[in-house]
Amino acid sequence: MAASLLCLSASAHALSQRFEAPMHSASWTLKNEPGRCALVHEIPRYGMARFEQRHGRKLGFYLEVLQGPVRHDVASLQTVPPPWMHDGQKRDLATLKVKPGDEPIVTDRDLAQRMMYELEQGMFPEFHYRDWADKQDAVTVALSAVRFRDVLPDFKNCIADLIKLDFDFSEEHIVYFDTNSNSLNYNDRRQLDKVIQAYKKHGGSPRLIVGGHADERGTDSFNMGLSRKRAEEVKQYLARRGIAASKIDIRAYGERWPADKISSNTAWAKNRRATIWFLN
C-alpha cells in the first residue's frame, strides 16, 4: 500500500515542459556561407534547430541544445497542426535515437525533407521525450512554422549552388599538395599508407573515389587539369601498394570546391588537396 501511495504521489507531481518560440517572435534565418547552407530556428531557453547542407553532403536536420544528455536515449517526432488549422491531423513521423552531447538529435535526408514539407504546409514538428535528468517530466520541443515559407525559397536557391556527389561514402581522407604540384611528399605518402590500412580492414573491398582540387589561382582549365593530375597521382600510389586500380575512380573539381574561400596562403594550402572516399 505504501509503495502504491508513493507512486501516485510521484505521478501527481510530474511536470510537463514545453519549449517553443513565441508566435510574435518566431522566425527562420538563412546562413549562406562558402560551401554551406543552413536554415536556423532559435528556440528560447532551449537551443536551436537547423536544416543544413554542405558541398558533397546530403541535407540533414540538427537539434542543438544548451544542455545535452549524458547518455543515449530515445525521442518521438510528431507533426501537429496549429490551433487555427481546424482540418489538420496530428501524425507520428519517427522514433529517434538521442545521443549524448550538444547535438542530441540528428536526422537523415529523408526525414529532414519530410519535416521541411510539414513546415511548409504550416504544421509544427514536435519532439517528445522524458527529461534527461531523472525522467520525471515530459518534455516537448516544437518547431514553429511561422515565417518558414518566407525564407524557404532562398534556402533552396542556396543549396542548388552546392556541389552534389552522385555517390554515398562511409569514410573520407585528405592529402595536400604544394603550389602547382601533383607530387606526393613524405607526409602525403604516410597519410595514404593509413588509407591503405583502413581499406584492408573493410570487408568486401569497397570502391574508392579520389577527388582532386586546386586553389583559386590560375585559369579554370589549368586548375581542372592540375586537380585531375593530383587525383591520378593518388590513384597510382594506392594501386602500387595493393589496391586494384579497377577499384579506384577519379574526379576533378578544379577550384570549384574550396575548403576555405578566403584568399590567403593559409586558405590556398587547404584547397590544394585530394579527397579519398570509401563508397558505401
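Visitor: At roughly what angle do the axes of helix α2 and helix α3 cross?

Guide: Good place to start, and keep in mind that this is a predicted model. The axes of α2 (residues 109-120) and α3 (residues 148-160) cross at roughly 135° and come within 10 Å. That angle makes α2 oblique to α3.

Visitor: Which residues in α2 and α3 meet?

Guide: From α2 you have Met116, Leu119 and Glu120. On the α3 side they meet Phe148, Arg149, Leu152, Phe155 and Lys156. By class, that contact has five nonpolar residues, three charged ones and no polar ones.

Visitor: Staying with α3, which of its residues are buried?

Guide: Phe148, Val151, Leu152, Phe155, Cys158 and Ile159 are buried in α3. Their cover includes α2 along with the strands β2 (29-33), β3 and β4.

Visitor: And how far apart are the end C-alpha atoms of α3?

Guide: They are 18 Å apart. With 13 residues at 1.5 Å a residue, α3 should span 18 Å, so the two values agree.

Visitor: Which residues touch the most other members in the largest nonpolar core?

Guide: Tyr46, Phe51, Phe61, Phe127, Leu143 and Phe155 do, out of 40 residues in that core. Helix α3 gives the most to this core, with six residues. As a general point, nonpolar side chains in soluble globular proteins tend to be buried together.

Visitor: What is Tyr46 in contact with, leaving aside its neighbours within four places in sequence?

Guide: Its contacts are Phe19, Leu63, Glu64, Val65, Leu66, Tyr129, Trp132 and Val141.

Visitor: Let's switch to α5. Which of its residues are buried?

Guide: Here the buried residues are Asn223, Leu226, Ser227, Arg230, Ala231, Val234, Lys235, Tyr237 and Leu238. They pack against two helical and strand neighbours you can pick out in the structure, including α4 (186-201) and β11 (169-176). Strands β12 (208-212), β13 (248-252) and β14 (273-279) also pack against them.

Visitor: How does the span of α5 work out?

Guide: Helix α5 covers residues 220-240, which is 21 residues, and at 1.5 Å a residue it should span 30 Å. Its end C-alpha atoms are 30 Å apart, which agrees. After α5 comes Gly242, with a positive phi near 110°.

Visitor: Speaking of phi, what is the phi of Arg45?

Guide: Arg45 has a positive phi of about 65°, although it is not a glycine. You'll find Arg45 in the loop between β3 (36-43) and β4 (47-54).

Visitor: Is Arg45 buried or exposed?

Guide: Exposed, because its relative accessibility is 65%, and the cut-off for exposed is over 50%.

Visitor: What about Lys135, where does that lie?

Guide: Lys135 lies in the loop between β9 (124-130) and β10 (138-142). Its phi is near 60°, a positive value in a residue other than glycine. At 40% relative accessibility, Lys135 counts as partly exposed.

Visitor: Last one: which strand is Asp92 in, and what does it touch?

Guide: Asp92 is in strand β7 (residues 91-98). Not counting residues up to four places away in sequence, Asp92 touches Leu77 and Gln78. Asp92 and Leu77 are 15 residues apart in sequence, with their C-alpha atoms 6.3 Å apart in space. At 62% relative accessibility, Asp92 counts as exposed.

Methods: Residues numbered from 1 in each chain as written. Predicted model: local features only at pLDDT ≥ 70, side-chain atom pairs only at ≥ 80, totals over all residues. Heavy atoms only, no water. Axes fitted to C-alpha atoms, helices over the stretch in contact; angles between N-to-C directions. Helix = DSSP H or I, 4+ residues; strand = E, 2+ residues; numbered from the N terminus. Parallel < 35°, antiparallel > 145°, perpendicular 65-115°, else oblique. Contact = heavy atoms within 4.5 Å. Nonpolar A, V, L, I, M, F, W, Y, C, P; charged D, E, K, R; others polar. Core = buried A, V, L, I, M, F, W, Y, C linked by side-chain atoms within 4.5 Å. Buried < 20%, exposed > 50% of the residue type's maximum accessible area, 1.4 Å probe, protein only. Expected span 1.5 Å × (residues − 1).
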